Amino acid sequence: MPVASRAIPFNIDATVGREWFTAAELAELALPSLPADKRAINRRAQEERWSLREGADGSALVRARLGRGGGIEFHVALLPGAARLELARRGICVPLPAPTEQDEENGAGSWRWFDAQNAKVKREAGRRCAIVAEVALLEEAGTTRTAAIAEVSGRHGVGKSTLWNWLREVDGIAAGDRLPALAPRHKGGGSATEIDPLLWTTFKSDYLRLSAPTMTSCYARTAAIAAQRGLSIASERTFRRRLESEVDPRIVTLRREGEEALRRSIPSQRRTIGHLRALEHVNVDGHKFDVFVRTQDGRVIRPVMVTIQDIYSRKLLSWRLGEAESAVLTRLAFADLFRDFGIPRACTLDNSRAFASKWITGGAKSRFRFKIREEEPTGLLKGLGIKIHLTLPYRGQSKPIERAFRDLCDTIAKHTATEGAYTGNSPTAKPENYGSKAVPWDKFVALVAQGIAAHNAKIGRRTEAARGRSFDEAFAESYATAPIGKATPEQLRMALLAAEQVMVDRRTGEIKLYGNRYWSPECGTFHGERVTVRFDPDNLHQEVHLYGQGGRYRTSAQLIADTGFDDVAGARAAGKRYKDYRRKIRDGAQAEQLLAAEELAALQAGFEAPGLPEPTVLRTVRHTNTRGGQVSVRKPLPAAQTASGAAPIDRMQAAVLRLVDANRD
């Protein structure tokens, strides 16, 4: 088999410089890696069978010498790499081109190619390198190469021709670079089985689905399509190999497992709390207990707890229990936080209705729920200057409180006091005594309070802030020196009241809220306006407070309770409300110091209306009862006088008299 040197490629078709040399010329040049004796060079050529070697184009690398004396010549490609480099350096031979990118990709002496091979290829390359090193060692000891190859071949059970091939592979290559040259380069035999494009697309589309069907079922459906269309189909193993070689495994993850699995396939974010202090940043979330609890009215429910946790220390600061996760529970939990500890600077919450509602985050521009309007009421957190961080949907790991809920599932939901009331954390994990008991509401509230206190006081916590202490200790240490914003009474009232926008009745000025009516005398000053109402959802019988669009406080309004049809006390209260309202308006009218009608008449008595204008241009007027006749109109006379020469006659009457006189004429 013709073998070309892999150490340094050489263009044997070059016409610049020398390419052919006799043994005497090579001995005279004294090139490295070649004997300096003509006979030794000829002997090496005979041992290495130079006469049988061929170039890349199939041409012989040994030829008869033209000219006087005869002999044979050897092509430069037969020489060791070091000898060829020296010829190029001396300018005798054509300069050797540098390895191209294609050569590197093919793995010719490329460490990059060698590094990408599997462990089996690397082990074999190391074994071959050790055997070649033994041959070189024997040669240095004075043994001929032929004898050294024979000895090493018998010792390692490797054929002599194989050893000759290995030696040619590393000829002219430094000992430190022999591994890539000796690594086996096995290539698969034959060509890949062709797969019809339609069948291949059908198979991929079927397999890369979120339902994640098995490859066998996808292949069976593809084979059925091939049978219908009369197409030949390769084996399932062929489809599998092509899928593994052509389709990126990350695409398989995305198409078969979804976005969340793809996100988990990369390193997650690791966050530190070293820059935070106690109560600087909190996070809030809701948790539904896996426990049946009997409410005070006899209903059996699974209660929900809304909890606020300090991110720095991981301490649970406040919590509220209810039947469902709602903005009311969230508002009450924040009210407890403000009253007991203070106002945090930032809060992390998700986009559920309980937290992203307008009662809590109204005015925030980054929430994922509800339409944002400029005129919407400012929520609790926004109104107190708390920076809002909304997590992306389905990102439970974004809130550290999820880790606390896992502990509470074990310490509260599985407590001995809830035995028989525990429901299990999934429909398939129900205990044997499922539904045999329901914990009374008051007892469960006390159990939750006890469990949260124990959770905060447990020592040996391995968080960044606790460092073996409890959450209580980590929080107390930082809370003592951290700048805390204490809540004022006005801020506490803002926390206890929720906001809702309503329209003031255009006629009566009353405000309707959740079936109730509220009114005060001051409401009459802004009929038909839209106002923000702040009220306590837990006690709708208390007064409500009205704020204008700009946030300015307007007034408070009291509840107008419905009364029975024959309720005398209600009628008296309504009458008194009207009398008080009328008295207040009358007092306001008197304060305006208005003039009476008689006083206005006296002031207007000396006022005379302006006289009628005198006409200066006359026109002829035809009488409607006269054929072709004309009626002449005389000039206006001076003001007519009565026979007694008393008061002047009205000007309109004078004009009528003149018209009558003209008709008579």
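A: Happy to! H11 and H12 are roughly perpendicular to each other (the class for angles of 65 to 115 degrees). This is a predicted model, where local features need pLDDT of at least 70 and side-chain atom pairs count only at 80 or more, while totals for chains, interfaces and linings use all residues. Residues are numbered from 1 along each chain as its sequence is written, and side-chain values use heavy atoms, without hydrogens and water.

Q: At what angle do the axes of H11 and H12 cross?
A: Roughly 115°, and the axes of H11 (residues 215-229) and H12 (residues 236-246) come within 10 Å. Helices here are DSSP runs of H or I with at least four residues, and strands are E runs of at least two.

Q: Which residues meet there?
A: Met 215, Thr 216 and Tyr 219 of H11 meet Glu 236, Phe 239, Arg 240 and Leu 243 of H12, with contact meaning heavy atoms within 4.5 Å. That contact divides into 4 nonpolar, 1 polar and 2 charged residues.

Q: Switching topic: what is the strand order in the sheet?
A: E1-E3-E2, an open sheet of 3 strands with antiparallel pairing. E1 (20-21) and E2 (62-64) are the edge strands. Strands pair if DSSP finds at least two bridges between them; E1 and E3 (residues 72-75) have 2.

Q: And what stands opposite Trp 20?
A: His 75 in E3.

Q: Last one: which residues of H8 are buried?
A: In H8 (residues 160-169), Leu 163, Trp 164, Trp 166, Leu 167, Arg 168 and Glu 169, where buried means under 20% relative accessible area with a 1.4 Å probe, protein chains only. They pack against H2, H6, H7 and H9.

Notes:
Axes are lines fitted to C-alpha atoms, for helices over the stretch in contact, and angles run from 0 to 180 degrees between N-to-C directions. Angles under 35 degrees count as roughly parallel, over 145 as roughly antiparallel, 65 to 115 as roughly perpendicular and the rest as oblique. Ala, Val, Leu, Ile, Met, Phe, Trp, Tyr, Cys and Pro count as nonpolar, Asp, Glu, Lys and Arg as charged, and the others, Gly among them, as polar. Buried means under 20% relative accessible area, exposed over 50%, partly exposed in between (1.4 Å probe, protein chains only).
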